Amino acid sequence: MDIFAMNVFNDAVMRERLPKATYKALKKTIEDGKALDPDVAEVVANAMKDWAIEKGATHYTHWFQPMTGLTAEKHDSFISPTADGKVIMEFSGKELIKGEPDASSFPSGGIRATFEARGYTAWDCTSPAFAREERNGNITLTIPTVFYSYTGEVLDKKTPLLRSMEALSKQAVRLLKLFGNTTATRVISTVGPEQEYFLIDKSFFDARMDLVLTGRTLFGAPPAKGQEMEDHYFGSIKERIAAFMKELNEELWKLGVLAKTQHNEVAPGQFEIAPIFSTTNVATDHNQLIMDNLKKVALHHDLVCLLHEKPFAGVNGSGKHNNWSMSTNDGQNLLDPGSTPHDNAQFLTFLCAVIKAVDEYSELLRVSAANPGNDHRLGANEAPPAIISMFLGDMLSDIVEQIQNNGGAVSSKPNGTLTVGVSTLPEIPKDNSDRNRTSPFAFTGNKFEFRMVPSSASIAGPNMVLNTIVAESICQIADKLEKAVDFNSELQALLKEILVKHNRIIFNGNNYSEDWVTEAEKRGLPNIKSMVEALEHFIDEKNVNAFEKHGVLSKQEVHSRYEILLEQYSKTINIEAKTMIDMANRLILPAAAKYAADLAGSVQSVKAAVASADTSAQEEVIKEVSSALGSFKAKTVALEKAVLGAADVEDVHANAVYYRDIVFVAMNELRIYGDKLETLVDAELWPLPTYVEMLFII
């Protein structure tokens, strides 16, 4: 309680430090979306500066989220020269509102040329500023901002997210008014993102070129034991990890991040942290802070945090579980079914809007979960498959079936209680549905859990898409109901129409099974297995129209993101391939060759000592190592040629396809023989830390 939000310029601090009129005006901007008055910004800037300086800050930064997927910042000091050769500490409203980083050095998808450098950052007052404190005592006032070009095009992930939140609010308020709600003036999308990650000892990380450069192991034979004993999940947390988690929590709490849950995850060396729900914008900023602090705090404990979706082949990868809902500013969760959901027409309408949105825009939702790392994870029987479907559970599925068959629902299945036959234990009330961890988009009581989101990615993209497609779905429903003569009967007919048409997206079974892949194909559900294939749908006319209609992204901005993401895919695979070649030629080949030579030498020594000695075992090993070594060298040469061939493919989409179909395939073929050699070469000679060391020695 003493440290929570101590470094945040939050509502409590503003109420204390700002004049009442200024505070009220700023709250109007934050809560009601009113335009920010420059005079208000001037007063806020001065108060923010004084607060930061009292904490020891000398610099401030506009903190933004470019299309790299990371955060970016440029630091400026508060000092300003005086006529007598000294300085004073100043910070104006203009400096608070606007910054000017170089826009040509960030991904723009052709929107900005290198010689067109000007870009702007603008204060996002809906996400509180904070004082970021480093271990060395350095403190920086950090101001969340958006980022856009000199000509007005969006260059970041936050601006479209904010636009999508406004679009969702506008359409949802329209619908609420039809249900007689006159008090709600805004609807806010909320998110609680669970973050999975790996920790390994820093000494192992430093010895692995692949982890340093790519975040994942490009070579590595599977250990004798992995996760099959199911003994790591929710297991006792080791002291070293508990010490890391303690410091992590304290650093996050100081920044107002509602870090709540921590536990061992399924794979050895894998863990999870989950915060309490926040507005989507704040939750996105907080998730970036969580990822940043995971990496920073890990180093304090001689650990390294790996956020890649699949750092270890054959071991469960990492994702984010994006728990998404909608709430009104008068206190309603619009996805809360209540005790009798069959009677809750408003809930059923919003539920149907989400069902309709997910079915109609499933390809776009899949795009939002696409990155190179997730190609290794999705569909690997450890995470949701690449097929989008929805889990509703028994209660809601029964109601949906009643509406489809009868035009309306007349009952809800009771939740019931659980008794376990021990007199000292109380009866436990059951939830209205079980959980389905295999589903990519599951209803979990009063929210939807989008489980496909990559662990290393910003949640801004998935939530921008969710907000936009649900806004469009609600808009279409509101358009019809606003013209209704008999609201109740026409609503009932509309809900039945939606559920009959979009029921194919609902699946409550095992999403990992091969039967589901076959069933999904029969239902006409797309199975998009790679990032490159997914991105082809980003620029579908239907998707571009939805973004433009709701003012989230222009056609040019969609196409720029399409090109940026394709380029990022190609660059990622290129870096991985070149790293693999380097490791093959400089580490694995010399080690394997030395081992083969040592064995050959030992054979000669034995025969020289005892002419009749049996050296067949050594000779058999030499043959096996030499054979694997020959194949390994041949596959290394093949990968080198594949990488060189990419330069001849200029079209950005064709280039990404080439990297997926040619380079990536060659990488997998090389790895087979590299991992084979690891199982043959003397452990003392093997140049890389093994999976056993990295996953279990921590």
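Trainee: Where do D675 and R671 lie?
Mentor: Both are in helix α21, four residues apart, which is about one turn of the helix. Helices here are DSSP runs of H or I with at least four residues, strands are E runs of at least two, and both are numbered from the N terminus.

Trainee: And what kind of model is this?
Mentor: A predicted one, where local features need pLDDT of at least 70, side-chain atom pairs count only at pLDDT 80 or more, and totals for chains, interfaces and linings use all residues. Residues are numbered from 1 along each chain as its sequence is written, and side-chain values use heavy atoms, with hydrogens and water left out.

Trainee: Back to α21, then. What does D675 form with R671?
Mentor: A salt bridge, with the closest N and O atoms 3.0 Å apart. The term covers a side-chain nitrogen of Lys or Arg within 4 Å of a carboxyl oxygen of Asp or Glu.

Trainee: Is D675 buried or exposed?
Mentor: D675 is buried, and R671 is too. Buried means under 20% relative accessible area, exposed means over 50%, and partly exposed is in between, using a 1.4 Å probe and protein chains only.

Trainee: Which residue does E669 meet in a salt bridge?
Mentor: K635, with 3.5 Å from N to O. E669 lies in α21 (residues 652–680) and K635 in helix α20 (residues 616–646), so the pair ties together parts that are 34 residues apart in sequence.

Trainee: How many salt bridges does the structure hold?
Mentor: It holds 35. Among them is the one between the side chains of D76 and K74, at 3.3 Å from N to O. D76 counts as partly exposed at 30% relative accessibility, and K74 is partly exposed with 40%.

Trainee: Which residues are linked in a network of salt bridges?
Mentor: D11, R15, K27 and E31 are.

Trainee: Switching to packing. How do the axes of α19 and α21 cross?
Mentor: Helix α19 (residues 555–609) and α21 have axes that come within 9 Å and cross at roughly 25 degrees. The axes are lines fitted to C-alpha atoms, for helices over the stretch in contact, and angles run from 0 to 180 degrees between N-to-C directions. The two helices are therefore roughly parallel to each other. That label goes to angles under 35 degrees, while over 145 is roughly antiparallel, 65 to 115 is roughly perpendicular and the rest is oblique.

Trainee: Is that α19 and α21 crossing left-handed or right-handed?
Mentor: Left-handed. A crossing gets that name if the near helix is turned anticlockwise from the far one by less than a right angle, and right-handed if clockwise.

Trainee: What about α5 and α10, how do their axes cross?
Mentor: Helix α5 (residues 158–178) and helix α10 (residues 345–360) have axes that come within 11 Å and cross at roughly 150 degrees. That makes α5 roughly antiparallel to α10, and the crossing is right-handed.
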